[in-house]
Amino acid sequence: MEHHDPSENEIQLKAIAALTALRGGVGADYVSELLGEVIPTSFLVPDTGDPAEVGSAVLDQLSAPLSALINGFVLAFEQLADAYDRTEPEAPTDVVLQALALALAREQD
């Protein structure tokens with residue numbers, strides 16, 4: 001069976017699918033499995049004994065799918081924030097985010 005590396009678009013779609021599943025009440029295990037599909041299961045590493053080179057090669061191969069995943073979450077957030085701000089002008093997204101940041105900061109103390 002041939003291995004298929006998902007494209008940036010496919011990974012972004014998985015991020016949106018994960019958010020949709022969470023909002024639909026699907027279990028966190030399913031969402032974790034869905035998001036785990038974007039992480040490579042094997043890596044090409046240089047034929048060297050240098051752990052730094054091996055680590056760098058693995059990190060390079062992880063960065064593209066993780067970046068695409070983050071981009072998918074950001075894209076979904078921007079669309080939802082725009083829609084929310086049009087319907088809830090009294091509590092715009094930036095105010096909601098500031099309140100969340102304050103609540104998280106309080107939890108650290």
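Me: Does Thr 93 count as buried or exposed?
Reply: This is a predicted model. Thr 93 has a relative accessibility of 10%. Buried means under 20%, so Thr 93 counts as buried.

Me: Which residues does Thr 93 touch, not counting residues up to four places away in sequence?
Reply: Thr 93 lies in helix α4. Leaving out residues up to four places away in sequence, Thr 93 touches Phe 77, Ala 81, Tyr 84 and Asp 85.

Me: Which residues in α4 meet α3?
Reply: On the α3 side, the contact is made by Phe 77, Ala 81, Tyr 84 and Asp 85. The residues of this contact divide into five nonpolar, one polar and one charged. In α4, the residues that meet them are Thr 93, Val 96 and Leu 97.

Me: At what angle do α3 and α4 pack?
Reply: Two packed helices are described by the angle between their axes and the distance between the axes. For α3 and helix α4 (residues 93–108), the axes are 9 Å apart. The angle is about 115 degrees.

Me: Why do the buried residues of α2 line one face of the helix?
Reply: Helix α2 covers residues 28–36, where Val 31, Leu 34 and Leu 35 are buried. Seen down the axis of α2, these residues line one face because they fall within an arc of 95 degrees.

Me: What do the buried residues of α2 pack against?
Reply: The face turned away from the buried side of α2 carries the exposed residues Asp 29 and Glu 33. The buried residues of α2 pack against α1 (8–23) and α3 (51–87).

Notes: Residues are numbered from 1 along each chain as its sequence is written. This is a predicted model: local features need pLDDT of at least 70, side-chain atom pairs count only at pLDDT 80 or more; totals for chains, interfaces and linings use all residues. Side-chain values use heavy atoms; hydrogens and water are left out. Buried means under 20% relative accessible area, exposed over 50%, partly exposed in between (1.4 Å probe, protein chains only). Helices (H or I, at least four residues) and strands (E, at least two) are DSSP runs, numbered from the N terminus. The arc is that of the directions from the helix axis to the C-beta atoms. Contact means heavy atoms within 4.5 Å. Axes are lines fitted to C-alpha atoms, for helices over the stretch in contact, and angles run from 0 to 180 degrees between N-to-C directions. Ala, Val, Leu, Ile, Met, Phe, Trp, Tyr, Cys and Pro count as nonpolar, Asp, Glu, Lys and Arg as charged, and the others, Gly among them, as polar.
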